[in-house]
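Subject: Structure for your files

Dear colleague,

Here is the structure I said I would pass on. My notes follow below it.

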Amino acid sequence: MPCGVTEQHMKRCVISFDLDGTLVDHGFSTAVWREAIPTLVARKERLSLEEAKAWVYEQYDQVGEGSLEWYDLAYWHRRFGLDGTWLQTLQAHRHLIRLFPEVKGVLEELRPLHDLIILSNASRPFLEEEFCHSGLQEFPFLHVVSATSDLGMVKKTSSFYREVCRRLGLDPSGLIHVGDHEEFDYQAPTQAGIRSYFLDRSGRGSGEHVVRDLRHFARKALGGGKGAPR
């Protein structure tokens with residue numbers, strides 16, 4: 001029987017959410033990484049925006065999402081020698097921070113019965129902008145963890161999830177995780193003994209571990225009982 005449902009009562013679980021692509025849409029991060037940084041590079045190097053994008057994206061790929069630097073906006077500002085500050089770049093785009101439509105309803109229904117945490121690869125400055133300007137601060141998350149800033153890790157391996165459980169005093173068997181990166185949010189936590197789900201909003205994925213939105217996740221993870229949004 002899934003965690004969250006028993007014959008007589010609801011068992012309290014810890015439910016862990018990824019942030020970008022799971023709770024918050026990609027509008028903000030895309031604007032910063034894919035538009036603002038190339039625009040600043042184009043201005044500095046006197047390139048067309050298309051040329052700057054091609055070069056910047058190549059630099060991102062060389063570092064790779066498995067590296068801590070990949071998530072560090074201050075690092076990229078230094079590397080490219082950009083004008084202004086990385087904080088100004090973040091703040092100039094905070095108006096683009098948006099929750100996915102179902103998020104608030106799902107969290108409202110889950111929070112009376114389950115403990116909620118966020119585990120994100122986003123650096124602490126990114127995470128705080130998104131958390132504070134999306135409406136998520138209204139919800140009683142027990143922990144909001146930046147893997148890269150708080151633990152100096154990327155959440156791509158089971159060791160990250162084991163370390164989170166150790167530090168937070170959690171039993172992996174009592175934790176449920178959902179996120180939109182199949183390797184980072186499904187494979188890695190599953191290997192750590194955590195029940196995990198891959199959020200595929202495109203609808204192309206299939207399998208028992210795949211969910212199409214957070215309402216689908218709540219129904220599947222919690223067995224469709226009380227506390228699972230319909």
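Two strands are taken to pair if DSSP finds at least two bridges between them. Helices (H or I, at least four residues) and strands (E, at least two) are DSSP runs, numbered from the N terminus. This is a predicted model, in which local features need pLDDT of at least 70 and side-chain atom pairs count only at pLDDT 80 or more, while totals for chains, interfaces and linings use all residues. Residues are numbered from 1 along each chain as its sequence is written, and side-chain values use heavy atoms, with hydrogens and water left out.

The sheet

Six strands form an open sheet in the order β3-β2-β1-β4-β5-β6, and the pairing is parallel. The edges are taken by β3 (143–146) and β6 (210–211), each with a single partner strand, so one side of each has no neighbour in the sheet.

Strand β1 (residues 14–17) pairs with strand β2 (residues 115–120) in the parallel sense over four bridges. Within this pair, V14 stands opposite D115, and I15 has L116 as its bridge partner. β2 also pairs with β3, again in the parallel sense and over four bridges; here the bridge partner of I117 is H143. Further along the sheet, β4 and β5 are joined in the parallel sense by four bridges, with I176 opposite R195 in β5.

For burial, I use relative accessible area: buried is under 20%, exposed is over 50%, and partly exposed is in between (1.4 Å probe, protein chains only). Six of the six residues of β2 are buried, so the rest of the structure largely encloses this strand. In a regular strand the side chains alternate between the two faces of the sheet. In β2, D115, I117 and L119 point one way and L116, I118 and S120 the other, and all are buried. β5 is mostly covered, with four of its five residues buried.

The loop between β5 (195–199) and β6 holds G207. At 40% relative accessibility, G207 counts as partly exposed.

Contact below means heavy atoms within 4.5 Å. Axes are lines fitted to C-alpha atoms, for helices over the stretch in contact, and angles run from 0 to 180 degrees between N-to-C directions.

The buried residues of α8 are S158, F160, Y161, E163, V164 and C165. These buried residues pack against β2, α7 (147–150), β4 and α9. Just after α8, G169 takes a positive phi of about 70 degrees.

Helix α8 (residues 158–168) packs with helix α9 (residues 182–191) at an angle of about 65 degrees, their axes being 7 Å apart. Angles under 35 degrees count as roughly parallel, over 145 as roughly antiparallel, 65 to 115 as roughly perpendicular and the rest as oblique. α8 and α9 are therefore roughly perpendicular to each other. On the α8 side, S158, Y161 and R162 meet F184, D185, A188, P189 and Q191 in α9. The residues of this contact divide into four nonpolar, two polar and two charged. In that count, Ala, Val, Leu, Ile, Met, Phe, Trp, Tyr, Cys and Pro are nonpolar, Asp, Glu, Lys and Arg are charged, and the others, Gly among them, are polar.

Helices α1 to α3

α1 and helix α3 (residues 73–80) pack at an angle of about 20 degrees, with 11 Å between their axes. That makes α1 roughly parallel to α3. V32, W33, I37, L40, V41 and K44 in α1 meet L73, W76, H77 and F80 in α3. Of the residues in this contact, eight are nonpolar, one is polar and one is charged.

R46 lies in the loop between α1 (27–45) and α2. Its phi is near 60 degrees, a positive value in a residue other than glycine. At 79% relative accessibility, R46 counts as exposed.

Q59 is in helix α2 (residues 49–63) and, at 9% relative accessibility, counts as buried. Leaving out residues up to four places away in sequence, Q59 touches W76, R79 and F80.

Regards
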